[in-house]
Structure formats: C-alpha cells, structure tokens
Amino acid sequence: MIRHLKSSYRRMRLGTRLALGLGVLALVVFAVVGTALTTYMRDYLSNQLDDQLKLAQLAQSKSIADHGTLQGKKYYRWYYAVYDVRGGDAELRRPEDPGDLPKDVDDFTALARAQITSPDELLHTDHLKGAGTYRLRACEVEPGVVLVSAAPMDDIEETVRRLITIQAVTFVLALAALVFFGRRMLRRGLQPLSDMAYTANGIASHDLTESASRLPLRADGRDGGQEVEELRTAFNTMLEHIDDSLAVRAEAEQRLRRFVADASHELRTPLMSVRGYADLFQYAAANAPEERDKHLARLRAEAARMGVLLDDLLLLARLDAAEVEAPLRASEADLVELVEQAADAFRVSHPDHPLTVAPGPGFLKLCLDPQRIRQVLDNLLTNAAVHTPAGTKVSVAVSVAHGTARVQVADAGPGIPPGDRERVFDRFYRVDKARSRDRGGSGLGLAVARSLIRAHSGEIELSSGPGATEFTVTIPLAVDRAREAAAGR
C-alpha cells in the first residue's frame, strides 16, 4: 500500500506535488493553531468558572456563618456541601435542601478532608456519578467548617466541542481552497517550465543528423519571476551553444567531404598517369632507349608530383592536430635572412618576373621554424609568378609594426576576382578553374601557408584589386614559451 502511494506520488506533476505538500504543511499549521486555540479557550472558561465559584462561596460563607446552613440564592445544577472538621475528620451537615447534594458525595468528602491541612482553597475536577463532570472548590468558612461547592462543566465542554467543530469545518474548507487555488497558482507559475519542457521535447524530436541542422525552437515568455527568467536565459544560451556546435560540425563535415572529394580527384590524376606511363613503358620496352627514358622521366615526374601532394596533405593533417603533435621545430632565426634567401631562389627559378626587396630592418631575430617559414615565403612568391603573366613585377618587404613582424609579398598582376578572395586559402581551391595542374598546382599552397603561419600564432591577410595583389604575413615578436616547449626545444 505504502509502495503504491509512493509510486503514485512520484507520477504526479510537480504542481500537484507542491500543492499537496503545501496542503500538508497547512494542515500541520491548522492543527497546531487549533490545538492552541482550543486549549486556551478551555483554560479561559475554566478560570472564569473558578472565579464564579470563588465569588459564590464568598457570599455563601456569610449565610453559613449566620445560620449554620446554606440559605439564599443558589445556582441551577450546582451542588453544595458543608462539613464540620473540628475533630480532624469531615462530617457532613444535613443540607437545607436534599437537592444540594449529589447521590455520591465521596469526592466532596475527600476534598473537604484535604482542605483541613491546606492553607489555600482547593480546586478539583471530577466526574460525579449520574451528574457529569463538575468543577469542585473547597474553602474554609470559619475554623472547623469547610464549604465544598461544585459547578457543572457541561457548558464549557459544549463550548469547546462547538469550537472544535467550527475549527474543523473552517480548516477543512480553508485547506480545500488552499489546495485548489494553490494548485491553479502553481500551475500558472510553473507554466514557463512546462513551456521549456515542450521546447525540449520539440528539440529532441528534431533531426540533428542533417548537415545544416539548426534548432528551430527557443523558450519564449517573460513570466515566472527572476528564477524562471534565469533558467530560461540559461536554456536559450545552451541552445545557442548547441546551434554553434552544430554549425561548426556541419561546416567541418562539409569541408571534410569536399577535402576527401578533392583529394581523391587530385590523387586520381597522377595515379592514372603513373599507370598509363607504366603501361607505355612496358609496351615500349623493346623500343629505342630514348623512348624508354622519356616514359621513365614522365613516370618519375608524376610520382614526384603525387609525393608533393601527399606531403602537403600530411602536413595539413598534422597542423590540424597541432594540439597532439606539433609539427614545428622552433629555433632562433633571422627573418630578414630567410626573406633574402627566398628572393634569391625566386630570381633563379623565375627570371621572367623581376623581384624587388624593399629596404627594411638589417636583421630580425625570431623564434620560429626556419624551414616552414621559408616554405611559406616560397609558396607566396611562386604563387605570384604562376598566376601572373611574364614580366609582372613582384616585390617583398619586411617591417615591424605593433609588436609583430610583417612580410608583404605583392605583385602587379591582374588581381583576384572579389568572389574568389574569400576562398583562396581553402584547400584545393583554384581561382582559374581552367588552369592546368602542371602550371596551376594542386590548390594547397596557400592553405599550407596559412596553416603554418597560424601554427606560429600569426596570420596571413590578402588585399587585391586590378593591377595589385598583396599577401601580408604577420608573426608576433613575443613567442609563447609553452609553444616552444611543445615544439621540442
């Protein structure tokens, strides 16, 4: 039974449970208040009856002293007994009226005997046989004479019973009204929580596996007080964080799919070329040696190209997982010297693009990976040569500004269309879709460059327009020592 009640209580809604709890608390309060009020009323009426007995005995004591018996006005249903106690025992005097005594006077006699040795008046409550409950009072009228009076307590008991009945009815009605209206008020106050539960259920039924999932629901409203408003704000903030996480996940999945598709496409071409040249080499085995050498050179070129592509992909993967494995070998190097070395290599490999190195600081010592920074510089300079016609001027400059080292690589080529500027750093992205891979590359150069610079806590920015394209590399002068330690210094 108790287990069933507990199970039923747990299945109740929060508003109902709070209303019942409030009702139980109110019932306890009503019981305490009712008991205190009833006790106070009983004591108050008893004290009044005691005072009435005292006043009556004061008037009756004079009649006993004058006439030896009780005469004069008597109260209805009251009892009176006069005892002589001179001999040490209580002897009942004959009453003036037989109706002054009850059928059983043992309680009167016992109280009279007790009064012999008591300096004060005695009060006692007894149940008289055939008469009911009475309040008895004994007092010494004169030496050797004791008066015992008894007043019925029926009126007091009736009054107390009525008071208890009124309290019970009133408390039951008040309790029912409290539970009923309290339940409605609690339901209204908890409505914002029900709305948030409804919102949560709607979110739970939403398909979060979609690539562009966004939670369409929010907890609205302004009711419920400050606590509910704080909960609503926290709930909506959590949903915003979930939305952001879903957006990041969707973007990552989209990039991953695009990356896998582009990588498969890029690797498929050299692999097919390698297989084709291998077949040609096999069929040309009996041909002239120069034919075989030609096919073998093509085979090696495609294999080397595929190796470079795989190296770039591996480097990007390691840079993406830099928190686990830092791909940098940091050491103190002169950035100006690295720029000059890259410029010399560019002049040799691209003599058709005049290169200018702008004046700058004589040296600039930084803690960086010189091979990776040199790779970035080579990528930017090669990019300027590949995507501009012969004779286009290229310039490189080194400077220091706002606590960072800056390297600017600019060319006077046709520029990058506005629609492509936001994506030039994406992997496998080419501005000129029709450009051959032999000239245009795999589309990983700028992506590798940006990832390497970000691994150095720097950034690459692009500004381009008709007749001018400029890449700006910024590297902080203050190096994070924790990054140096992670790099294996």
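In the hairpin of strands β11 and β12, which has 2 residues between the strands, Gly467 takes a positive phi near 85°. Strand β11 covers residues 459-465 and strand β12 covers residues 468-476, and the two pair in the antiparallel sense over 7 bridges. Pairing here requires that DSSP finds at least two bridges between two strands. Gly465 stands opposite Ala468 in β12. Strands (E, at least two residues) and helices (H or I, at least four) are DSSP runs, numbered from the N terminus.

The model is predicted: local features need pLDDT of at least 70, side-chain atom pairs count only at pLDDT 80 or more, and totals for chains, interfaces and linings use all residues. Residues are numbered from 1 along each chain as its sequence is written, and side-chain values use heavy atoms, with hydrogens and water left out.

**Confidence**

The predictor's confidence in each residue is given as pLDDT, from 0 to 100. The mean pLDDT of the protein is 78, and 79% of its residues reach 70 or more. Confidence is highest in strand β10 (residues 404-411), at a mean of 92, and lowest in helix α13 (residues 481-486), at 40. Over residues 433-440 the pLDDT is below 50, and this stretch has 14 contacts in the model beyond near neighbours in sequence. A contact means heavy atoms within 4.5 Å. Residues 480-489 also stay under 50, with 13 contacts beyond four places in sequence.

**Salt bridges**

Side chains of opposite charge can pair when their charged atoms come close. A salt bridge is counted when a side-chain nitrogen of Lys or Arg is within 4 Å of a carboxyl oxygen of Asp or Glu. By this rule there are 11 salt bridges.

| Pair | N to O distance |
|---|---|
| Asp154 and Arg77 | 2.6 Å |
| Arg113 and Asp89 | 3.3 Å |
| Arg347 and Asp344 | 3.2 Å |

Asp154 is partly exposed, with a relative accessible area of 28%, and Arg77 is partly exposed at 32%. On this scale, buried means under 20% relative accessible area, exposed means over 50%, and partly exposed is in between (1.4 Å probe, protein chains only).

Arg113 counts as partly exposed at 45%, as does Asp89 at 44%.

Arg347 and Asp344 are both in helix α8 (residues 335-349); they are 3 residues apart, so about one helical turn separates them. Arg347 has a relative accessible area of 35% and is partly exposed, and Asp344 is partly exposed at 44%. Elsewhere, a network of salt bridges links Glu158, Arg161 and Arg162.

**A nonpolar patch**

Leu22, Leu25, Val29 and Val33 make a nonpolar surface patch of about 330 Å². Patches are made of residues with over 30% relative accessible area and no salt bridge; like charges are joined within 9 Å, and nonpolar side chains (Val, Leu, Ile, Met, Phe, Trp, Tyr) within 5 Å. Accessible areas come from the Shrake-Rupley method with a 1.4 Å probe, and for residues only the protein chains shown count as cover. Val33 is found in helix α2 (residues 14-67) and is partly exposed, with a relative accessible area of 45%.
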